[in-house]
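Work through the exercises below with the structure open. Try each task before you read its solution.

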Amino acid sequence: MFYNSLLYLCFILPGLLLPHSTRLVQNVRILEKSKLYLEGYSNVNEFTCRCEQNFGSFTTQYLPDLAAGVLSFPDTRLQIETAAIDCGHRIMNKDLKNTLQADRYPYITTQLTQVSLNVNRRQLNQHWTHLMADTRMTIADASRQIRIPVQARRVGATTYQFRSFYDIHLSDFG
């Protein structure tokens with residue numbers, strides 16, 4: 001399965017400008033024009049499933065460590081409702097939900113633990129910049145640490161766009 005996301009987040013990263021490590025609170029809004037989809041294949045065919053979930057807004061905390069070039073996130077997670085994943089075909093949706101054990105585990109959860117930075121906020125502009133996100137992904141009650149490459153760019157005064165493409169093998173999750 002191929003985990004693919006294009007998320008527009010509306011937020012400010014003031015921690016990138018602070019010289020010390022202080023836990024900061026940040027409001028985050030995932031804009032409606034964001035896209036999250038899975039591309040996958042089985043022994044029968046290839047498919048693309050779109051997530052129709054509206055993620056809305058949430059508050060997160062993070063701890064900037066400029067000396068190490070990282071932002072640590074003690075409790076930031078994105079929960080994807082398995083019921084909101086649509087593959088465009090009723091039978092394929094049923095098969096995917098069975099595979100994900102959606103009746104017992106209604107969410108795919110990605111917990112963000114840390115982001116490695118190679119730029120400061122002033123350098124994050126309309127050009128894509130590469131970051132690394134350390135995450136813990138949980139699918140059907142099986143969790144794995146995953147390091148995901150992320151591209152980021154500024155698209156407005158307080159709006160940033162993030163995109164990521166990462167191969168996930170469901171066999172790694174039980």
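**Exercise 1: the core**

Solution. The model is predicted: local features need pLDDT of at least 70, side-chain atom pairs count only at pLDDT 80 or more, and totals for chains, interfaces and linings use all residues. Residues are numbered from 1 along each chain as its sequence is written, and side-chain values use heavy atoms, without hydrogens and water.

Step 1: turn to the largest nonpolar core, which holds 38 residues. Such a core is a set of buried Ala, Val, Leu, Ile, Met, Phe, Trp, Tyr and Cys residues joined through side-chain atoms within 4.5 Å. Buried means under 20% relative accessible area (1.4 Å probe, protein chains only). Ile 85 and Ile 139 touch the most other members.

Step 2: strand E10 (residues 142–154) gives the most to this core, 5 residues. Strands are DSSP runs of E, at least two residues; helices are runs of H or I, at least four; both are numbered from the N terminus.

**Exercise 2: the largest pocket**

Task: describe the lining of the largest pocket.

Solution. Step 1: the space in this pocket is about 310 Å³. A pocket is an open set of points on a 1 Å grid over the protein atoms alone, where a 1.4 Å probe fits, with protein on both sides within 12 Å along at least five of seven lines; lining residues have an atom within 4 Å of a point. The volume is the space filled by probe spheres set on the points, joined across faces, edges and corners.

Step 1: 13 residues line the pocket, and Tyr 41, Ser 42, Phe 47, Leu 96 and Thr 99 lie nearest its centre.

Step 2: helix H1 (residues 90–99) supplies the largest share, 4 residues.

**Exercise 3: strand E6**

Task: which residues stand opposite Leu 63 and Arg 77?

Solution. Step 1: E5 (residues 56–65) and E6 (residues 70–81) pair in the antiparallel sense over 3 bridges. Pairing needs at least two DSSP bridges. Leu 63 faces Ser 72 in E6.

Step 1: check the hairpin of E5 and E6. It has 4 residues between the strands, and Gly 69 takes a positive phi near 70°.

Step 2: E6 also pairs with E8 (residues 107–116), antiparallel, over 9 bridges. Here Arg 77 stands opposite Gln 111 in E8.

Terms used:
Buried < 20%, exposed > 50% of the residue type's maximum accessible area, 1.4 Å probe, protein only.
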